[in-house]
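Trainee: I have a new model to read. Could you walk me through some of its features?

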Amino acid sequence: MLPTVIEPLRLEWSNAQAAAGTLASEGKTDEAVAELLRFHHRLCTVRVLDPACGSGNFLYVTLEHLKRLEGEVLNALDELGHRQTGLALDGTRADARGGETVDPHNLLGIELNPRAAAIAEVVLWIGYLQWHFRTRGDVNPPAPVIRDFQNIENRDAVLAYDRVEYVTDEHGVPVSRWDGETMKVSPVTGEKVPDETARKPLERYVNPRKATWPEADFVVGNPPFIGNKRMRAALGDGYVEALRSAWLEVPESADFVMYWWHYAAQLTRRGALERFGFITTNSIRQSFNRRVLEPHLADKKQPLSLVFAIPDHPWVDTADGAAVRIAMTAATSGKQTGSLRLIANESPGNDGDVVIDIRATQGTIHSDLRVGADIGTARPLSANSFVASRGVTLVGKGFVIRPEQTQNVIDAGAHLKRFVTGRALAQSSEDMSVLDFFGLDEQELRRRSPAAYQWLFDRVRPERLQNNRESYRKQWWVFAEPRSRFRKASANLRRIILTPRTAKHRFFLFAESSVQFESEIVGIALDDASALGVLSSSAHVVWAVASGGTLEDRPRYQDGACFSPFPFPDLQAADKFSGPIGVAVVNADGSAGKTQSFGEYPSDRIRTLAEQLDAHRKRQQAAHPGLTLTGMYNVLEKLRSGEPLTPKERVIHEQGLVSVLRQLHDELDEAVLHAYGWGDLLPLLRVAHGNQAPAEGSTREDAKRAFDEAVLERLVALNAERAAEEARGHVRWLRPEFQNPAASGRTPEQAGLVPDAVDAGEGDEGDAAAAVPVAAAKPAPWPKDPVEQVRAVADVLASSPVPLDAEGIAARFSARGPWKKRLPQLLAMLVALGRAREQDGRFEAA
């Protein structure tokens, strides 16, 4: 609410103060009062809308801040000898001299729950009257005290429709479906299955269309936290279908809150709103929600800019008291920089709350809620196509077979496969199998494996017959999402690479290609250890964390965002120019002796280290069954930080040989960076990983941020270079024999060398500011309005890379008359208000 509503209004107030102060110093008291009254009128007529207001908490807090600001304005007027009279709380608003004031009429709301909507209106009046008696003592407000401004609307904020009716069949009988919740005990298996008698009718929304919002200047809110996968269960099939038909431009993968975000962005870009801000879940950074942000931020004619963002913050959901992670964003029209607030540290407070340290960064905020390299511009590369995929989606618990159940499906044969879950990869080994009959029709399955068929018939079919998707019902014996494309990709491989989608630590490992893995794992159909090495390196991990988003507070790996655009190093070029050196000793007779080779090819170095890394982890886990990868990497992180290990962590360190694990990762990082041609980043990485002490005045965290940003900038640039190559027809296939079978037998042309490193660290940093050329811009007309004069001078200071004296500022404007005489007073007012700093006659923005 502060960055969305109050901060821009306070900036306007600062401009008005500076203008009024300047006029007053010139003896123009009446004009100074007029400037303050003009701002007061602006304040009393501003409209703030919360289109999901609940019981009015956001509006109540906004009213409190508006009244505080109004108090400052009235105090300034009082100092100039002007006093306001009356409260003017009638149905129409009085003019500024008639005593208008900020009151509940300034706050607008939309709320679907009628009870909450009624409470919201009362809450606003309570807040207003509390302020009145706090500031005016026993003076009673004019009667009637509470008036009906009709500013809280009880309706849907994103969907309008004429009526809701039940869907009927050709006989006029209402169509229903399983309610999605009620279960019963199966008389055959004794396990819980859907109760087909517990049904709810299907609804149809007649004439669905986009809802409209009342005219407002600012929009703030905390719309419902409902993910796209929960929308049908929470809102009903009919509502979701109507919503998506009305908002065709919003991707179906978007969460419910993004409909509010999209509509507010539309209104802001066309000038109907000045600014908006929402609290959403932190999944706004994930690719399926970024698709809503990106068109607004990237539009060239009417761009939107994020002026404030907190990507990840703890929150307690008022609906059920659950702890969730949220994001906060505020946006306005035009191209502007913003303030990105990142949590530097979280610690438990005394009363069960969380104490948070926040670090602020200024810059252009991208759709992934980052500043710096714009990963959102990275394009999927054909070179990486068709080899990465999420695992299968079962939709039927009966597919999973525990060890003691295998005798019941003994005729499944090779269709009974080892099954791996994301939890099993990271936390503990689970001995589970899965019945995978992809490619068989029902008759063939029953004929070949009657026992397995009956198992699925009794345990999977009841659940699948209640599913909304026809394909899931018809082919109930097959996984809901069998990932047929990935099956082709991995068909001729001995092993594949797996990584959990959601994990505190990002790691990759080899698995036999015959295993089946769940949708919470991403599989990569590459069996060359060099690929495992690159993916396991810090370069790729930094990229994955930045591009993948989070679930709660854990990084999320998405094959589309993390793998598809990632540019692998050109190992062929690296081998060509960085291979082993052959040395021959000259014999006494002058002839060349036996040649000895020193060093190894970069690709071989990466392969060797990756194989050792994979083998090391598996060997230690096999020797210590309770040892988990999460535990090993927790200890590795602790070693890098220099913190002392606890007794439990020391046991993990010894069982996992974590110092060896650390050394393998360090050497792998070095090999991969050299393969990219980015060895200049190694000093930063060594400090970030705790292998070298930071320079005086800096920290390990500073080095990590610098390394991450440098790697991301270079990877984004390399992605653009590779995408341009592919547009010209040159694709660096990862598996050409599979991805490009038409050219089978031909090695893809490797045009170009290892990309040039960014010129980092060259030149004299101390002269950076002096070396920036100041463009000789055409002088702008000097504004006539005093407030605009303040704004113009403040903008000049903010845009200048170096401090300016009064003459330098005056040179930026052109006008006739004695306008320059006012400039010193304006600058003095900006300094007094904390908007500017002055040193030795030169001024800069504060």
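**Reading the chain**

Mentor: Start with burial. Of the 846 residues of the chain, 48% count as buried. Buried means under 20% relative accessible area, exposed over 50%, and partly exposed in between, with a 1.4 Å probe and protein chains only. This is a predicted model: local features need pLDDT of at least 70, side-chain atom pairs count only at pLDDT 80 or more, and totals for chains, interfaces and linings use all residues. Residues are numbered from 1 along each chain as its sequence is written, and side-chain values use heavy atoms, with hydrogens and water left out.

Trainee: How many helices and strands does the chain have?

Mentor: Helices (H or I, at least four residues) and strands (E, at least two) are DSSP runs, numbered from the N terminus. Here there are 29 helices and 34 strands.

Trainee: Which residues of helix α6 are buried?

Mentor: First, the general idea. An α-helix has 3.6 residues a turn, so residues three or four places apart point the same way. Now the case. Helix α6 spans residues 237-246, and eight of its ten residues are buried. They are D237, G238, Y239, V240, A242, L243, R244 and A246. Their packing partners include β10 (203-206) and α7 (257-269). Contact means heavy atoms within 4.5 Å.

Trainee: What is the order of the strands in the open sheet?

Mentor: Two strands pair if DSSP finds at least two bridges between them. The four strands run β19-β21-β20-β24, with mixed pairing. At the edges are β19 (400-401) and β24 (516-517), each pairing on one side only. β19 pairs with β21 (residues 433-435) in the antiparallel sense, over two bridges. In that pairing, V400 stands opposite V434.

Trainee: How many aromatic pairs are there?

Mentor: Rings of Phe, Tyr and Trp (its six-membered ring) pair if their centres lie within 6.5 Å; planes under 30 degrees apart count as stacked, over 60 as edge-to-face and the rest as tilted. The count is 24. Take F399 and F479: the ring centres are 5.1 Å apart and the planes lie at 80°, so the pair is edge-to-face. These two residues are 80 residues apart in the chain. Both F399 and F479 are buried.

Trainee: Which residues form a cluster through ring pairs?

Mentor: Y161, Y205, Y239, F256, Y259 and W260. Y239 also belongs to the buried set of α6.

Trainee: How many disulfides does the search find?

Mentor: A disulfide is a covalent bond between the sulfur atoms of two cysteines. The search takes cysteine sulfur atoms within 2.5 Å as a pair. Across the whole structure it finds zero.
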